[in-house]
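Subject: Structure handover

Hello,

Here is the structure we talked about. Please open it alongside this note.

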Amino acid sequence: KIVHVRRARHRPNSNMKVLIIYPYVGISQTLATSNYFLAWIMGFWKNGIDARICATHQYCAPVVKTELLFSDAIFYPYKNKSNGLKFLEEILTSYEPNICITHGEVFDEIGSRINLCHAHEAKVYLFAGELPDTQIKDAKKRANYISSIVSGIDGIITMTLVIKEYWIRQGVPENKIFTATSIVDVDTIEAIQRSPIQSEGLYFGNIVYQEVYDLIDVALKVRKKIPNFTISVFADASSDDAARYLESIHSKNASNAVFLKNAVDFKTMISLQKSAKVLLFPGKSWIRSNSGFPNKLGEYLASGTPVVGADVGGIHGILEDGEQLYLCPPDDVEAFSGRVVECLVDSENARKVGQKGRSWAKKNLSNSSIS
């Protein structure tokens, strides 16, 4: 069922039009990336640039009921009979963008997508938030993908220097690569009120990786010092992933310490983050976390709530322990738990750290700088 709400106020008379191309927007297991691209859209609008998203493969309505997701800022195939490249061509013809920013997925369509954008006289840039080595397991498909990017792309937007250096090694000229870490709609976050629901530790996002399972052990260790401590995990997950996580909670007798909850819309998420005592960013040292800048961390910092995070390679050297957040080595549950206790025990210092994190996000991650 489609929920009709007020149309988003985009910039239809702008001289410049930008189209972001992404397979799915606002559905389960895409919420973090959806929020990220919506922050881009809002940033373009703030700077007088018309921008929309084309959800090329989506046949269902968004699961999160927010105004922007149901506005004419997003083109959905469920309103049409076609999807994929055919639907993209329809949008390119009707919207006539000057620039297309494409997510890598669907990977085997990337070459055709680039050619299609060029045929409509649009420059096309790849958004590279991760490395192909972690995204595409099949070596032949990965090689074809990389070849299509190197030979056809007009530019690449990377989240970290690690990803930038990867694409330089593949043969993309350095002057075609632009680095931008997480982009956050700071103005919107500042306007959202704190939730009346008081929380201890919170985590939002994907739950398939081992570091999120480590939070169960973290909760149990912290409770040895702070007996009533709890962690609420707001999971953007499939039913199977949720069942596996619940099984792990029960197997460790942590049902009174860790609570698995459904994903929530952006406004609710930020309001909950603002009222929490600590936000949790666990991490392990592996290629995925050592290359990208996580979307959730930008939102965490912008909320002003203190963050305990793993000093993984993707953020190493960008943020300073005890300044913008509490950092500890990746893969170290004991150290992570200790920093959570430190944060909760010294609430005044934690408040200062949270405010410094908020100031840093406003200065470095705000979508107001997009142009």
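Below are notes on one helix, the aromatic rings and the cysteines.

This is a predicted model: local features need pLDDT of at least 70, side-chain atom pairs count only at pLDDT 80 or more, and totals for chains, interfaces and linings use all residues. Residues are numbered from 1 along each chain as its sequence is written, and side-chain values use heavy atoms, with hydrogens and water left out.

**Helix H5**

Helices (H or I, at least four residues) and strands (E, at least two) are DSSP runs, numbered from the N terminus. H5 covers residues 139-152, 14 residues in total. From first C-alpha to last, H5 reaches 20 Å, close to the 20 Å expected at 1.5 Å a residue (the expected span is 1.5 Å times one less than the number of residues).

Arg 142, Tyr 145, Ile 146, Ile 149 and Gly 152 are the buried residues of H5. Buried means under 20% relative accessible area, exposed over 50%, and partly exposed in between (1.4 Å probe, protein chains only). Seen down the axis of H5, the buried residues fall within an arc of 165 degrees, so they line one face of the helix. The arc is taken from the directions from the helix axis to the C-beta atoms. Turned away from that buried side are the exposed residues Ala 139, Lys 140 and Ser 151.

The cover over the buried residues includes helices H3 (110-119), H4 (132-135) and H6 (161-170), plus strands E5 (123-128) and E6 (155-158). Contact here means heavy atoms within 4.5 Å.

**Aromatic rings**

The whole structure holds 13 aromatic pairs. Rings of Phe, Tyr and Trp (its six-membered ring) pair if their centres lie within 6.5 Å; planes under 30 degrees apart count as stacked, over 60 as edge-to-face and the rest as tilted. Trp 40 and Phe 44 form a tilted pair, 5.9 Å centre to centre with 50 degrees between the planes. Both lie in helix H1 (residues 31-46), four residues apart, about one turn of the helix. Trp 40 is buried at 8% relative accessible area. Phe 44 is buried too, at 5%. Ring pairs link both into a cluster with Tyr 22, Tyr 36, Phe 37 and Phe 127.

**Cysteines**

How many disulfides are there? The count is zero, with a disulfide taken as a pair of cysteine sulfur atoms within 2.5 Å. For Cys 117, the closest cysteine sulfur is in Cys 100, 3.6 Å away and too far for a bond. Cys 117 is buried, at 0% relative accessibility. For Cys 343, the closest is in Cys 328, at 12 Å, also too far. Cys 343 is buried at 2%.

Best wishes
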